[in-house]
Amino acid sequence: MTTASFSRDWNNLIHTDRVHGSLYTDEQIFQQELEKIWYRTWVYVGHVSEVPNINDFALKSIGPQQVIMTRDRDDQVNLLLNRCPHRGNQVCLEHRGNRGSFTCPYHGWTFSNNGNLRGFPFAAGYEGADRSRLGMAKIARIGIYQGFVFGSMAEDGPSLEEHLGAARGALDALVMTSPEGEVEITAGFLQHKAKSNWKFLVENETDGYHPQFVHASIFDVASSGIGDLYSADSTAVARDMGNGHTEIDLRPEFRRIGQSMGWFGTTEQRLPDYVAKMRAAYGEEKARHIMIDGTPHIMIFPNLFIAEIQIFVIQALAVDETVQHVTALQFKGAPDLNRRLRQQTMGSVGPAGFLLADDSEMYERTQRGVQSRNPEWNYLGRGLARERVDADGFRIGDATDEVTTRGIWSHYRSLMEAQ
């Protein structure tokens, strides 16, 4: 059966326990994904702490589309497409900075940092032009939750709160790791390009089956105990949170161990200033609970992965090309913790980091392998027979089960089938 004959028949491409290999390689499918997922749903763009001051800006993306995130003089966050409405030139090439306006280098059109047209040279040639329609294009909808900025290129649709659903609880828990209740994205981004389809990355982020094998060498050398979190005996669970959001919930294992700051591989004694601030902010009992549970391991569909100590932003560029933008999480009011977060992030996903190199090799080998004609399907049935429903009504499985991957594909199918 050829790809062309069923490329739009999702019933023949996505089954409960398997997906067809063409979903990762077909250019036509990728173009449909851009229209139905990246340009229609809510996509994570950036964080308010990246533009803290009036006139700050940062260059971001929604899939292949470049986006300028700005804070205008009215203290509002804007998301602008990086294109001059005159002849299509990119108006911004700097990754970040501070300016009240952008001037197109091609013909000198100038725009306020809220996207409005301010003027153009030789104005006498533009008699009758409607300036209100010649500004930079703005992302149709902006939503901000706990400082995380999302954009939707669709004029209408579910609200950001509806899209996030249960994932809001993970973001709520994340910011409570700060004694001041705020995350800061201020450590700078590393960019890693993989010759792989973006969905392989999304699947991997909450795949608890691979760490014991892909990352075995670093687990053995570091003696960190992380591998045990993903063992067959772990009490951690894999969860389909709905709307394509998935998580590996490590809290049951951390609670079983019961060591404050154990989630970070350390003890309270090594971070006395942080621990004191947490107790002052939340009280001793609640602070201890927060410091035992740690931070989430959650993939917010389609492109934001919170990986305990860092975040990954997935950018789909082509059917076989994806960029991961990664930075250390920083918690407001926690300089001692933040320093160690930066160090650990460099060690795990920096240019010479151990973890990301392992994963990137798997992404690219899988992309090459899935192009083989036989077998046509990727099997996703691990743990299907032991799936269960938790107290909140979500499907869960053991930490090594593929309940998360099945949840991603179920939501993907619903988006791709939508008219």
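Reader: What makes the span of helix H14 (residues 403–417) close to the expected one?

Author: H14 has 15 residues and reaches 21 Å from its first C-alpha to its last, close to the 21 Å expected at 1.5 Å a residue. The expected span is 1.5 Å times one less than the number of residues. Helices here are DSSP runs (H or I, at least four residues) and strands are E runs of at least two, numbered from the N terminus. This is a predicted model: local features need pLDDT of at least 70, side-chain atom pairs pLDDT 80 or more, while totals for chains, interfaces and linings use all residues. Residues are numbered from 1 along each chain as its sequence is written, and side-chain values use heavy atoms, without hydrogens and water.

Reader: Why is H14 called largely enclosed by the rest of the structure?

Author: Because 11 of its 15 residues are buried. Buried means under 20% relative accessible area, exposed over 50%, partly exposed in between (1.4 Å probe, protein chains only). Arg406 is one of the buried residues of H14, with a relative accessible area of 5%.

Reader: How do you know that Arg406 and Glu387 meet in a salt bridge?

Author: The rule asks for a side-chain nitrogen of Lys or Arg within 4 Å of a carboxyl oxygen of Asp or Glu. Here N to O is 2.8 Å, so the pair qualifies. Glu387, at 22%, counts as partly exposed.

Reader: Why is Cys84 in no disulfide?

Author: A disulfide needs two cysteine sulfur atoms within 2.5 Å. The nearest to Cys84, that of Cys104, is 3.9 Å away. The structure holds 0 disulfides.
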